[in-house]
Amino acid sequence: MATNITFHPGSVTATERAALLSQPGLTLWLTGLSGSGKSTIACALEQHLLHLRKSAYRLDGDNVRMGLNKDLGFGQKDREENIRRIGEVAKLFADACTIAITSFISPYRADRDLARSIHTQARLPFVEIYIDVPLQVAELRDPKGLYVKARKGEIPDFTGISAPYEAPKTPEIHLRTDKLSIEECVKKIMEYLVEKRYVVL
């Protein structure tokens, strides 16, 4: 790790930036099993926020692994580094007064806690959203056939099958996608954002 570096603060304060852009920045961290509906909800939420003329940007697990994190695999250490990097990137978006919407399985509580602490240290809001669905429902939805391959042993360390998923204990928002539609999920997230005044309509 480099030690001869110094953080250079800008001439625009966080309060001034938020006032000029008419919105605060924050990170919405969607976590859940593969097939739970994270990416679908993230896409719908991003679109809804943009139609409200709010700056929002979606960071999706597969997309990020095609670029920023293409050097990482799926073992535990690489998963940890994957989430650490995303936490740092999401923090930058939030610091720029954008609503960062992350969509990652992020199966380990410690990694999600680290992402939260990255934001807390920067005094930026972090909202954990648990996209919850029974494993059997996630398997039925499986558009890529990943669960079938995992059960055949073709995919090692697959979350929910051969690797654990540690569900959030106290997420800010808990959504059961086997009981709620995409529209209802987006509505519940928006109600929370409005109530906390992260979004002013």
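**Reading a predicted model: charges, sheet and core**

Modeller: By the rule that a side-chain nitrogen of Lys or Arg lies within 4 Å of a carboxyl oxygen of Asp or Glu, the count comes to 11 salt bridges; please keep in mind that this is a predicted model.

Biologist: Which residue does R58 pair with in a salt bridge, and which parts of the chain does the pair tie together?

Modeller: R58 pairs with E46, and the closest N and O atoms are 3.5 Å apart. R58 belongs to strand 2 and E46 to helix 2, so the pair ties together parts that are 12 residues apart in sequence. As to cover, E46 is buried, with a relative accessible area of 15%, whereas R58 is partly exposed at 21%.

Biologist: Which salt bridges does E128 form?

Modeller: The side chain of E128 meets that of R112 in a salt bridge of 2.8 Å, N to O, and E128 also forms one with R116, where the closest N and O atoms are 3.9 Å apart. R116 lies in helix 5 and E128 in strand 4, so this pair ties together parts that are 12 residues apart in sequence. Because buried means under 20% relative accessible area, E128 at 8% counts as buried, and so does R112 at 2%, while R116, at 23%, is partly exposed.

Biologist: Turning to the sheet, which strands run parallel to strand 1, and how many bridges join them?

Modeller: Strand 1 is joined to strand 3 by 5 bridges, and the two run parallel; 5 bridges likewise join strand 1 to strand 4, again in parallel. As examples of partners, L28 is bridged to I101 in strand 3, and T27 to F126 in strand 4. Strand 4 in turn pairs with strand 5 in the parallel sense over 4 bridges, with I131 standing opposite L175.

Biologist: Are the two sides of strand 1 buried or exposed, and which residues of strand 5 are covered or uncovered?

Modeller: In strand 1, L26, L28 and L30 point one way and T27, W29 and T31 the other, and all are buried. Strand 5, by contrast, has a covered face made of I173 and L175 and an uncovered one made of H174 and R176.

Biologist: How should I read the largest nonpolar core, and where do its residues come from?

Modeller: The general idea is that, in soluble globular proteins, nonpolar side chains tend to be buried together. Here the largest nonpolar core has 22 residues, and those with the most contacts inside it are L28, I101, I129 and I189. Strand 1, helix 2, strand 3, strand 4, strand 5 and helix 8 each supply at least two of its residues, the largest share, 6 residues, coming from helix 8. Beyond its neighbours up to four places away in sequence, I129 touches L28, W29, L30, T31, I173, L175 and I189. A second, separate core of 10 residues includes L59, V64, I83 and A100.

Biologist: Finally, where do residues other than glycine have a positive phi?

Modeller: Among them is R53, with a phi of about 65°, in the loop between helix 2 and strand 2; R53 is exposed, with a relative accessible area of 79%. Another is R123, whose phi is near 60°, in the loop between helix 5 and strand 4; R123 is exposed at 78%.

Technical notes
Residues numbered from 1 in each chain as written. Predicted model: local features only at pLDDT ≥ 70, side-chain atom pairs only at ≥ 80, totals over all residues. Heavy atoms only, no water. Core = buried A, V, L, I, M, F, W, Y, C linked by side-chain atoms within 4.5 Å. Buried < 20%, exposed > 50% of the residue type's maximum accessible area, 1.4 Å probe, protein only. Contact = heavy atoms within 4.5 Å. Pairing = 2+ DSSP bridges.
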